[in-house]
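Please keep the sequence open beside them.

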Amino acid sequence: MSVRALVVDPAAAAAVRLAEVPDPAPEPGQVLVEVSHASLNYGDLNDARSGRVPEGAVLGSDAAGVVVQAAGDGTGPAVGTRVVALTAGAFAECVAVDVGALAKVPKGLRLAQAVALPVAGLAALRSLRAAGLGPDKRVLVTGASGGVGRFAVQLAARAGAHVIASVGSTARGEGLAEAGADEVLIGLKGLERPVDVVIDNVGGPQLVLAWGLLAPGGSVQSVGWTSGQPAVFPPYATVGPAKSLTSFVIEGDVSADLAVLTELAAEGALGVEIGWKGSWDRFEEAAEALRGRRIYGKAVLEVASGQTRPR
Ligand SMILES: NC(=O)c1ccc[n+]([C@@H]2O[C@H](COP(=O)([O-])OP(=O)(O)OC[C@H]3O[C@@H](n4cnc5c(N)ncnc54)[C@H](OP(=O)(O)O)[C@@H]3O)[C@@H](O)[C@H]2O)c1
């Protein structure tokens, strides 16, 4: 038996093609999920080209759908439960998912929204936590128009921080003030007062500037590097009162944090902005739009399984 999936193919447009792959074989601590939606992350685009996901392997990290087989060890959700997951090989009609990598999707939250939460929401939540978020802190979010950025702006604002959202153009700043940003800047233009936290999605020269704006005791969380440019620090830029630049990656069990995010989204306390939604047949179009900085928030792929189950 096989399922359809988007696999890495360096010769294909966007380095991805639809293919038949073997049915997943769940281990005892895994459930089988029939996937209805997946979300496309900037990191997936990198993975397809960098070799991190090898040729022929299934791409993707965010999946949502319905459990069709419970875990063999008796843990995790029952058959029929709607779930969202952070899992390698998410772009497939059916995936085996560790019970520690998923959360139930509460009533009132559609799977098409929930699927936007794992990579982008967890990166925002955990990088803010690692930086030591608190009321009255000045938090700078770079690449604030994107997936991680829009969640980081909202979560920092909820914690009572003064939020500065940095975007590439006036148009890209649309909706960020409503999401909780106190200031929306093009690049770092006009930012003169020090900041306590930087959630950096862009890297390159902007990271160097952000470092220069960081207050003593402050923290830069290096979440991403969409600029693709090197960061060149001037001599002595890193000498002075203690402050930190920390690398960031999502690690370990994510189910509790994913549950926090799905609950917030279900209550309407965390907005999920979906800037592109369409069939996974249109992957190339979605990838081009994401790379071209034309998506506000998240891109969601609809996975056609050909089966009919309640969503
Ligand atoms: N470490 C981790 O665990 C982790 C987790 C999630 C994501 N990430 C990384 O974090 C970054 C953001 O991910 P995402 O999914 O939020 O991506 P996204 O939705 O594409 O958003 C990224 C934002 O970066 C800005 N940007 C894009 N290209 C740029 C360029 N050439 N120069 C300057 N700014 C540029 C864009 O803002 P404007 O159009 O407004 O300029 C865009 O909205 C990526 O590098 C991703 O790989 C890492």
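1. Just after helix 3, Gly132 takes a positive phi of about 85 degrees. Please bear in mind, here and below, that this is a predicted model.

2. Helix 3 itself has 14 residues, and from its first C-alpha to its last it reaches 19 Å, which is close to the 20 Å expected at 1.5 Å a residue.

3. Helix 3 is mostly covered, with 12 of its 14 residues buried; among them are Pro118, Val119, Gly121, Arg126 and Ala131.

4. Helix 3 (118-131) also supplies at least two residues of the shell around the ligand, as do helix 1 (42-50) and helix 4 (147-158). The largest share of that shell, three residues, comes from helix 1.

5. Looking at the domains, the shell draws at least three residues from domain 1 (2-116 + 272-302) and at least three from domain 2 (120-247). By class, the shell has 12 nonpolar, 11 polar and two charged residues.

6. Of the 25 residues around the ligand, those that come nearest are Ser145, Val148, Gly168, Arg172 and Arg293. For Gly168, a backbone N or O atom lies 2.8 Å from an oxygen atom of the ligand, and for Gly146 a backbone N or O atom lies 3.2 Å from a ligand oxygen atom. In Val223, a backbone N or O atom lies 3.0 Å from a nitrogen atom of the ligand.

7. How much of the ligand does the protein bury? Taken alone, the ligand exposes 910 Å², and the protein buries 87% of that.

Conventions. Residues numbered from 1 in each chain as written. Predicted model: local features only at pLDDT ≥ 70, side-chain atom pairs only at ≥ 80, totals over all residues. Heavy atoms only, no water. Near = heavy atom within 4 Å. Polar contact = N/O pair within 3.5 Å; in protein donor to acceptor, adjacent residues only side chain to side chain. Areas by Shrake-Rupley, 256 points an atom, 1.4 Å probe, with all protein chains shown as cover. Helix = DSSP H or I, 4+ residues; strand = E, 2+ residues; numbered from the N terminus. Nonpolar A, V, L, I, M, F, W, Y, C, P; charged D, E, K, R; others polar. Domains from an automatic or database assignment. Expected span 1.5 Å × (residues − 1). Buried < 20%, exposed > 50% of the residue type's maximum accessible area, 1.4 Å probe, protein only.
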